[in-house]
Amino acid sequence: MVNSTQISYFTLSAYFDIGISRYLFFMIVMLLYILIVCANLLLIVIICMNRSLHEPMYIFLCSLFVIELFGSTGLFPMLLIQILSDIHTVSTSFCFLQIFCLYSYANIEFTNLAVMSYDRYLAICYPLQYNTRMTSNKVAILIAISWLFPFLAIVVMISLSASLQLCGNIIDKVYCNNYSIVKLACSDTTIINIYGIVYVFTILLGVVILIFYPYVKIFKVCFSGSKQTRQKAVSTCTPHLASLLNFTFGSFFEIVQARFIMNSVPNMLRIFLSLYFLTCQPLFNPVLYGLQMSKIRGLWKSIVFGKM
């Protein structure tokens, strides 16, 4: 029985030899990472530098774009290194660091989207009281909660995983995954399993309720309200719903793949599905909001093309 602290590295076994094509994949992934960084940084700068965008909705968007940079930086640098490497290993400490980054990213993304749902609920259902209900202090508190709670939850999860006794070091993924490490344990995993169940049925269920309830109210107002109310709801809620559905489906693919045997699925498809929510969402959000939100669209056009 080998203690996890005695294991100096993990082997990522999902990589396979693609010969000289590795350089093509490297360039594609590198280009994707550059696009993600540039797109999110551009919108962060636009929101921060323009006082007309210093409103709750855009501040929450800025937080969302920061999350995308955080998550993609937790994945892409190591992914690029592994693509060009002949031996696909990662140190134990760096593996747990990547788990912290990626799991924190996924959880903060969901909590931030839940907060944005609440913001849209107040803006559409209580337009006259919106400014008094969504104050700058409340915005700061909501953003802090959406970041701190997931951070603390993931720290606890990693602490439990790091204390497990492991009987192997092979992870069948292209990046480090906590569930894969737990499956390597030859010691009792009851505590971490209970923690996972409690976390899912409290934190994540709470997030689902915070997303579902506001939209039920928003749809009721849309059906009974004026044409102007419906147009406002469509213009502000459509990108949020699209982002939420895209990330939810991507996360669902990853959860299904982690929990069930997928040997019948082609290896390249398995890799694509496991990377989808980590690679597409960080580019999907800035492109979606940059094109859909008229204020942001006008400002980034003036910066990129040099005209109003």
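**Helix packing and buried residues in the predicted model**

The span of residues 268-291 is 96% helix and 0% strand, and its end C-alpha atoms lie 31 Å apart. Helices (H or I, at least four residues) and strands (E, at least two) are DSSP runs, numbered from the N terminus. The model is predicted: local features need pLDDT of at least 70, side-chain atom pairs count only at pLDDT 80 or more, and totals for chains, interfaces and linings use all residues. Residues are numbered from 1 along each chain as its sequence is written, and side-chain values use heavy atoms, with hydrogens and water left out.

The UniProt annotation "transmembrane region", from an unreviewed entry, covers residues 20-46, 58-81, 139-160, 194-216, 237-256 and 268-291. UniProt positions follow the numbering used here, feature names are shortened, and annotations may be inferred rather than shown by experiment. The span 20-46 is 96% helix and 0% strand. Its end C-alpha atoms lie 40 Å apart.

The axes of α2 (residues 56-84) and α5 (residues 136-162) come within 10 Å and cross at roughly 25°. That makes α2 roughly parallel to α5. Axes are lines fitted to C-alpha atoms, for helices over the stretch in contact, and angles run from 0 to 180 degrees between N-to-C directions. Angles under 35 degrees count as roughly parallel, over 145 as roughly antiparallel, 65 to 115 as roughly perpendicular and the rest as oblique. α2 passes α5 in a right-handed crossing. A crossing is right-handed if the near helix is turned clockwise from the far one by less than a right angle, and left-handed if anticlockwise. On the α2 side, the contact (heavy atoms within 4.5 Å) is made by Pro56, Ile59, Phe60, Ser63, Val66, Ile67 and Phe70. Val139, Leu142, Ile143, Trp147 and Phe151 contribute from α5. These residues divide into 11 nonpolar, one polar and no charged. Ala, Val, Leu, Ile, Met, Phe, Trp, Tyr, Cys and Pro count as nonpolar, Asp, Glu, Lys and Arg as charged, and the others, Gly among them, as polar.

α5 also packs against α7 (residues 190-224), at an angle of about 160° and with the axes 10 Å apart. The two helices are therefore roughly antiparallel. Their crossing is left-handed. Ala153, Val156, Met157, Leu160 and Ser161 in α5 meet Ile191, Ile192, Tyr195 and Tyr199 in α7. By class, this contact has eight nonpolar, one polar and no charged residues.

The axes of α3 and α10 (residues 281-292) come within 13 Å and cross at roughly 25°. α3 and α10 are therefore roughly parallel. The crossing is left-handed. Tyr105, Glu109 and Met116 of α3 face Gln281, Pro282, Asn285 and Tyr289 of α10 in the contact. The contact residues comprise four nonpolar, two polar and one charged.

Asn112 is found in α3 (residues 92-125). Its relative accessibility is 1%, so Asn112 counts as buried (under 20% relative accessible area, with exposed over 50% and partly exposed in between; 1.4 Å probe, protein chains only). Beyond four places in sequence, Asn112 contacts Phe60, Ser63, Leu64, Ile67 and Ser146.

His240, in α8 (residues 227-259), is likewise buried at 1%. With neighbours within four places in sequence left aside, the contacts of His240 are Leu113, Met116, Ser117, Tyr215 and Tyr289.

Leu53 lies in the loop between α1 (21-49) and α2. At 0% relative accessibility, Leu53 counts as buried. Beyond four places in sequence, Leu53 contacts Ile46, Ile47, Tyr58, Lys295, Ile296 and Leu299.
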